[in-house]
Amino acid sequence: AAAKDVRRAIKRVVASKGFRFEQLEGYRVGRTRGPVRRGVRSLFSNHSYGTAIDINRKHNGLYRRCKIPAEQLSGKRVSRCRLVHGGAWDPVKRPQTTIVPGSVVYDEFVRFWKWGGELNGSMKDFMHFSVTGR
């Protein structure tokens, strides 16, 4: 259902030359959400339903214990947060591959999905766009 929007967003971002895609990961089956039961998560992720995409994981990591409000993210490092997956998010060092509010990749994908960097609470998933943001 989202393929047309995703293709359009990617084409617009590439045409803008304001962001460089190095890695895209969309559909993948996996139980990566919900409570842990018998040592594994119990719910399928949005990726399992084709309603999520991860962009440039090595430059847009998943952080825990991150209390920086979304409106303060642009241009800041998240050194006080705990990186748990992917690479360090540093838009100052890597502006062409890092997702920030107001960037062309952000603007195109939030037309139809939510950004994981703006999740409420202390988790920030900077690589992730999905129907729910999680």
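Visitor: Let me begin with a strand: which residue in β9 is the bridge partner of Ala-52?
Guide: Welcome, and please keep in mind that this is a predicted model. Strand β4 covers residues 52-55, and three bridges join β4 to β9, residues 128-130, with the two strands running antiparallel. In β9, the partner that bridges to Ala-52 is Ser-130.

Visitor: Is Ser-130 buried or exposed?
Guide: Ser-130 sits in strand β9. Residues count as buried when their relative accessible area is under 20%. The value for Ser-130 is 0%, so this residue is buried.

Visitor: Which side chain makes a polar contact with that of Ser-130?
Guide: Let us start with the wider surroundings. Leaving aside neighbours within four places in sequence, Ser-130 is in contact with Asn-46, Thr-51, Ala-52, Trp-113 and Lys-114. The polar contact, at 3.3 Å, joins the side chain of Ser-130 to that of His-128.

Visitor: Which residue of β4 is the bridge partner of Leu-24?
Guide: Strands β1 and β4 run antiparallel and are joined by two bridges. Both faces of β4 are covered, with Ala-52 and Asp-54 buried on one side and Ile-53 and Ile-55 buried on the other. The partner of Leu-24 is Ile-55.

Visitor: Which elements give two or more residues to the largest nonpolar core?
Guide: That core has 23 residues, and those touching the most other members are Ile-55, Val-78, Ile-99, Val-105, Phe-109 and Phe-129. The elements that give two or more residues to this core are α1, β4 and α2 (104-109).

Visitor: And what is Val-105 in contact with, beyond its neighbours within four places in sequence?
Guide: Val-105 is among the core residues that touch the most other members. With those sequence neighbours set aside, its contacts are Val-13, Phe-19, Phe-21, Ile-55, Ile-99 and Phe-129.

Visitor: How many residues apart in sequence are the parts tied together by the disulfide of Cys-66 and Cys-81?
Guide: The sulfur atoms of Cys-66 and Cys-81 are 2.2 Å apart, and the cut-off for a disulfide is 2.5 Å. Both cysteines are buried, and the link is right-handed, with 60° about the S-S bond. Cys-66 and Cys-81 each lie in the loop between β5 (62-64) and β6 (82-85), so the pair ties together parts whose separation in sequence, in residues, is 15.

Visitor: Are the rings of Trp-115 and Phe-126 stacked, edge-to-face or tilted?
Guide: A search of the whole structure finds eight aromatic pairs. For Trp-115 and Phe-126, the ring centres are 5.7 Å apart and the planes stand at 50°. Stacked needs an angle under 30 degrees and edge-to-face one over 60, so this pair is tilted.

Visitor: Which residues do ring pairs link into a cluster?
Guide: Trp-115 and Phe-126 are both buried. Trp-115 lies in β7 and Phe-126 in the loop between β8 (124-125) and β9, so their pair ties together parts 11 residues apart in sequence. The cluster is made of Tyr-63, Trp-89, Tyr-106, Trp-115 and Phe-126.

Terms used: Residues numbered from 1 in each chain as written. Predicted model: local features only at pLDDT ≥ 70, side-chain atom pairs only at ≥ 80, totals over all residues. Heavy atoms only, no water. Pairing = 2+ DSSP bridges. Helix = DSSP H or I, 4+ residues; strand = E, 2+ residues; numbered from the N terminus. Buried < 20%, exposed > 50% of the residue type's maximum accessible area, 1.4 Å probe, protein only. Core = buried A, V, L, I, M, F, W, Y, C linked by side-chain atoms within 4.5 Å. Contact = heavy atoms within 4.5 Å. Phe/Tyr/Trp six-rings, centres within 6.5 Å; stacked < 30°, edge-to-face > 60°. Polar contact = N/O pair within 3.5 Å; in protein donor to acceptor, adjacent residues only side chain to side chain.
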